[in-house]
2 protein chains.
Amino acid sequence: MNARPTLTSIEEMLEPDGTGRVVIENVWPELDGGRTPVKRLAGDEVEVWADIFSDGHDILRAEIIFRAEDEPDWRRAPMTFLDNDRWKGSFKLERNIRYLYTVEAWRDVWGSWVNEVQKKKAAGQIVTSEIAEGVALLEKASERNDSLASVLGEVQAQETGSDEQLGALIDPFHVKAVQDAAQRGNLSRYDRELVVIADRTAARFSSWYELFPRSMSDDPARHGTFDDVIKKLPYVQGMGFDVLYFPPIHPIGMKNRKGRNNSLKAERGDVGSVYAIGSDAGGHDAIHPDLGTIEDFRRLVTAAKQHGLEIALDFAIQCSPDHPWIKEHPEWFDWRPDGTLKYAENPPKKYEDIVNVDFYNRGAFPSLWYALRDVVLFWANEGVRIFRVDNPHTKPLPFWKWLIREVNRTYPDVIFLAEAFTRPKMMRALAKIGFQQSYTYFTWRNTKAELTSYVTELAGDLGEVYRPNFFVNTPDINPIPLQTAGRAGFIVRSTLAATLSGAWGLYSGFELCEAKPLPGKEEYLDSEKYEIRAWDWDRPGNIRSHITALNKMRRDNAALQDFRNALFLNAWNDNVLAYAKLMPERDNCVVVIVNLDPHNRQDTSFEIPLWEFGLPDHATIEAQDLLRPGSPFTLHGKVQTVALDPATNPVLIWRLIPPRP
Amino acid sequence: MNARPTLTSIEEMLEPDGTGRVVIENVWPELDGGRTPVKRLAGDEVEVWADIFSDGHDILRAEIIFRAEDEPDWRRAPMTFLDNDRWKGSFKLERNIRYLYTVEAWRDVWGSWVNEVQKKKAAGQIVTSEIAEGVALLEKASERNDSLASVLGEVQAQETGSDEQLGALIDPFHVKAVQDAAQRGNLSRYDRELVVIADRTAARFSSWYELFPRSMSDDPARHGTFDDVIKKLPYVQGMGFDVLYFPPIHPIGMKNRKGRNNSLKAERGDVGSVYAIGSDAGGHDAIHPDLGTIEDFRRLVTAAKQHGLEIALDFAIQCSPDHPWIKEHPEWFDWRPDGTLKYAENPPKKYEDIVNVDFYNRGAFPSLWYALRDVVLFWANEGVRIFRVDNPHTKPLPFWKWLIREVNRTYPDVIFLAEAFTRPKMMRALAKIGFQQSYTYFTWRNTKAELTSYVTELAGDLGEVYRPNFFVNTPDINPIPLQTAGRAGFIVRSTLAATLSGAWGLYSGFELCEAKPLPGKEEYLDSEKYEIRAWDWDRPGNIRSHITALNKMRRDNAALQDFRNALFLNAWNDNVLAYAKLMPERDNCVVVIVNLDPHNRQDTSFEIPLWEFGLPDHATIEAQDLLRPGSPFTLHGKVQTVALDPATNPVLIWRLIPPRP
């Protein structure tokens with residue numbers, strides 16, 4: 001029977017070399033069918049798994065092929081067979097750049113022949129034909145690789161089909177050499193090139209302190225300057241932070257300026273919201289004149305570096321009605337047919353001190369996009385390598401994807417932190433399209449069940465792309481529970497944030513246990529967003545020493561520098577959360593026991609994870625109290641009992657010191 | 001700052017129309033990132049889910065777009081918002097063909113405007129500017145669609161900016177018309193076209209009976225013919241089967257012919273293995289001369305159809321050493337350098353009565369591939385629409401993928417059943433690349449835990465591509481437990497297969513409780529693979545009436561026609577397996593209670609799934625015994641107690657009749 005007209009030519013569908021004969025599937029890590037890069041850190045070893053199999057009984061081999069995106073050639077790392085057609089290998093991320101990787105696998109024709117002839121020989125079968133086949137395979141291989149000439153000579157010197165000839169063929173040294181040179185049978189490559197982004201360490205491990213520079217004069221009547229901030233650097237450094245983050249530092253508009261406590265009308269002397277960016281003095285690449293000059297800013301960046309701090313700036317795209325762009329580029333904004341400018345709004349709410357750009361306006365694409373990119377590049381060029389992005393979920397995702405890729409091409413070390421508090425899939429999408437770090441729901445996760453479930457979720461597939469920064473408060477979030485929790489609540493929440501997440505942060509005032517709310521709201525009273533405040537940095541009851549201890553133990557213990565390694569421990573009291581942070585190598589382990597009830601003493605038994613060190617339940621283990629430095633002490637047995645009193649010790653943090661093997 | 005040379009042109013990365021602004025992700029069904037089609041039946045409604053969201057507050061809309069692969073244009077089905085950015089819609093598979101589908105979503109600019117203006121109006125705000133904007137939007141829409149001229153006229157007739165004009169704009173009838181005509185803002189399409197294969201019903205629901213035509217003479221001394229098979233059709237039809245499957249019917253080679261019980265040397269008169277295909281009389285498109293002619297075969301196909309049976313043939317690619325292809329096409333086979341032909345082997349095992357083709361031999365690709373395809377097309381042209389494929393896992397997957405697609409282009413109703421008993425990922429891969437139905441591990445799943453776990457696995461993601469056929473035995477598998485289980489065991493295993501899987505089958509002799517093994521092996525003694533047998537079709541103790549009852553209840557109860565709808569029920573006895581087969585609409589429900597111990601009576605309490613019908617635990621429900629027809633009876637309460645005696649009632653099968661709402 002002849003092919004019918006509807007039948008396809010075989011050449012359309014198949015490669016005559018048999019690509020695809022070796023199946024490579026279920027590759028991990030791979031997200032969204034290869035659409036979404038996974039995130040790791042430079043220095044990490046990436047483990048790659050794949051299911052690899054083929055028809056028949058031939059021996060298979062496989063390699064990871066990988067390269068940094070600026071390298072022309074693939075590098076190779078071997079994979080080894082595990083079980084149930086599953087293979088595994090790994091490669092190292094050496095630099096802060098994107099890497100591509102995929103998998104190749106092939107039939108090891110030579111190795112299969114060796115295996116076959118050995119089995120037959122062991123069963124006492126005659127293998128003369130098989131030896132002839134082996135010689136032919138060797139001849140072919142030596143055509144491809146001159147170095148096999150001597151092996152071939154040795155084999156050919158033996159009597160044809162003899163045991164001696166077979167012996168020369170399957171000599172282990174020869175086998176390896178021929179295997180390396182022989183053609184890779186039905187060489188198949190996985191059909192997607194996957195991407196892993198190797199970020200710098202701060203993307204996962206950093207300790208953030210946020211302050212309003214204009215409040216740094218310690219005098220509510222005087223606008224703080226960058227020089228005032230420089231004077232505060234030892235204070236911030238003293239608590240052990242490494243990122244110092246400022247809300248917007250740009251000129252602030254006059255039109256529709258907000259007054260104190262977000263009142264619609266500013267009084268004379270009111271400084272306005274720092275988020276109403278832009279005035280006669282300039283826009284997103286200008287500095288508020290009362291803060292200082294660009295030279296002052298440069299001095300601040302340098303001084304911060306000398307104090308072990310890097311400056312993070314706010315990237316908030318909205319404009320005040322006085323922003324220079326509105327006159328210079330009306331085509332970037334959204335106007336109604338009657339010539340009125342659309343203010344930011346979420347009907348019926350209106351935000352009349354800001355207007356939004358329109359990314360897809362005729363005339364805005366691509367000039368606006370370039371201008372916004374150039375704002376980031378401007379500050380990056382001034383030494384800023386971290387941008388906290390304000391409300392990214394209200395701007396188009398394709399814009400962020402492009403912007404982040406674009407900036408990272410020039411500055412691979414720039415980190416963008418997504419300040420989105422919105423629906424979970426948008427939060428995840430922002431991480432997927434490139435944000436290196438993200439704000440989280442942490443401030444609204446307070447009970448044992450909530451915390452366990454949330455940290456577990458972050459540690460799963462989500463954690464391949466989404467890196468949390470556990471802020472304990474922000475200028476927008478004065479957490480309701482903290483408003484009445486007292487000092488113990490601040491100790492508890494900072495402990496949770498600093499030990500559960502590699503990146504954590506606080507907004508100044510938290511260390512002073514500041515919690516006065518706008519009545520009934522999650523907002524601070526007399527918020528610095530709208531006015532200059534002066535603080536008593538030595539306010540009685542402050543928790544500076546606790547925060548200092550937290551940041552020190554984070555530096556000293558690798559287990560506290562990640563967010564995916566929490567092991568929740570049995571603790572038979574629902575007000576007590578107990579967990580271990582644990583390195584995969586088991587060479588660092590910190591146990592944290594937290595009383596979530598800030599008002600009452602809670603007693604509990606809980607389990608020390610002796611099993612993780614291969615120890616029996618009745619074993620002893622040494623421990624070090626990381627909050628009350630002193631000699632190590634000995635814990636006897638898996639079950640321990642503790643009392644956690646809000647007044648004295650709402651939390652316990654112990655480093656376990658397993659016996660050296 | 002100017003763009004640096006390393007920066008990308010924005011046009012390279014982005015569409016100025018804002019495609020991608022609306023995110024469409026996590027589409028279901030989608031397997032392997034869109035690489036693998038899912039399988040359904042013609043007539044099924046395919047539900048499609050997706051996460052859909054965008055920046056900001058605009059109203060979104062979404063549609064499934066779909067088409068049969070031979071249709072030039074997309075059709076559309078609306079999606080509706082569920083919760084948490086999740087949307088859902090469905091479309092119907094009308095024909096036995098492949099369908100493509102994907103998702104489109106867009107910002108509903110007009111609907112968003114209506115929503116905004118209504119909210120503002122409700123809050124008492126002045127909306128003059130907004131009305132002007134609405135009129136402009138309407139003007140734009142009517143440029144795209146003439147039918148809006150009258151709406152526009154009506155709106156323009158009102159005073160500009162008046163409440164009356166607003167009223168005309170947001171009149172519900174106008175809103176719908178404008179919405180349909182207005183431009184779809186930032187129209188985005190999911191980045192993959194996904195495939196669903198709509199097979200005919202038999203792919204999921206069919207009852208198979210396997211026999212060796214040459215044994216149908218009822219005389220071991222006489223080779224059976226197709227006419228003998230025709231005489232047996234009423235017997236097979238009487239038990240309610242709808243597929244009649246034959247092992248290979250082709251000429252059998254003489255060289256190295258196997259003797260009885262797989263002995264290496266045939267005696268005079270031995271008929272050889274049906275799997276040693278090919279002799280002087282022809283190869284894969286020839287019929288064994290002793291069975292009859294092609295005309296006899298055609299008569300058999302017609303007679304079978306008249307008995308409600310369709311013929312399934314075996315497609316076994318190996319060749320006997322006498323197969324005509326070996327002389328005609330030596331280039332299709334694998335020869336050693338010394339001119340010897342490689343026999344099939346799995347060292348140290350040898351199968352010297354067959355040789356394998358080599359799919360990637362120089363000279364074999366593609367001519368061998370076309371020849372094999374033409375074998376299938378030859379039999380398809382003779383009216384055969386089901387092929388049971390022998391050992392597909394020992395042939396290249398790309399070959400099967402091509403072959404099945406190729407055959408289905410001409411004969412979309414052809415079903416290929418993969419006879420692979422190998423590692424799980426290869427089993428799945430064969431299903432993924434196209435086999436419509438697969439043999440399973442069912443014969444080796446005997447305990448309650450094994451059956452529950454296996455059926456649950458099949459009902460998960462695996463079931464999107466892998467359709468099981470639960471054969472209770474095969475000429476190669478005389479299940480070890482059945483060798484000693486007695487009649488009750490045959491009743492139990494046939495009940496499990498026929499009620500847990502939409503497709504099931506038996507190899508003749510099972511209904512006679514035949515189980516004599518080759519001692520110590522999973523093989524039958526005096527196997528029909530190597531000799532002609534004669535059977536007493538009325539052997540005492542046969543279970544024909546039970547099988548007849550099973551096939552009848554399968555036809556009468558839709559819940560028994562699928563394999564993904566088993567609900568395992570609590571039964572407090574590890575020897576008793578209880579489950580309900582349930583339609584999603586709850587309009588058909590069959591409860592099966594099986595004593596897995598063929599030797600002892602087992603008593604148990606178990607739960608009737610009253611909750612599935614919204615009934616309380618103490619409710620009553622009517623039931624019908626499907627094995628002992630009679631009047632319905634009433635079950636009182638969720639927990640029921642039964643005694644299952646191997647001698648009298650090893651299984652109970654009840655149809656539940658819930659009260660009409």
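Q: Which residues does R200(B) touch, not counting residues up to four places away in sequence?
A: Contact here means heavy atoms within 4.5 Å. This is a predicted model, in which local features need pLDDT of at least 70 and side-chain atom pairs count only at pLDDT 80 or more, whereas totals for chains, interfaces and linings use all residues, and side-chain values use heavy atoms, with hydrogens and water left out. Residues are numbered from 1 along each chain as its sequence is written, with chains lettered from A and ligands numbered from 1 in the order in which they are written. With sequence neighbours up to four places away set aside, the residues touched by R200(B) are L41(B), N96(B), E310(B), R385(B), I386(B), D413(B) and I415(B).

Q: Is Y530(A) buried or exposed?
A: UniProt, in an unreviewed entry, places the feature "binding site" at positions including N391(A) and Y530(A), though such annotations may be inferred rather than shown by experiment. Buried means under 20% relative accessible area, exposed over 50% and partly exposed in between, using a 1.4 Å probe and protein chains only. N391(A), at 29% relative accessibility, therefore counts as partly exposed. Y530(A) has a relative accessible area of 9%, so Y530(A) is buried.

Q: How many salt bridges does the rule find across the interface of chain A and chain B?
A: A salt bridge is a side-chain nitrogen of Lys or Arg within 4 Å of a carboxyl oxygen of Asp or Glu. One pair that meets this rule is K342(B) with E133(A), at 2.5 Å from N to O. Across the interface of chain A and chain B, the number of salt bridges found is 24.

Q: Which C-alpha of chain A is nearest the axis?
A: With least-squares superposition on the C-alpha atoms of residues with pLDDT of at least 70 in both copies, chain A can be laid on chain B with an RMSD of 0.1 Å by a turn of 180 degrees and a shift of 0.1 Å along the axis. The two copies are thus related as by a two-fold rotation axis. At 1.9 Å from this axis, the nearest C-alpha in chain A is that of G33(A).
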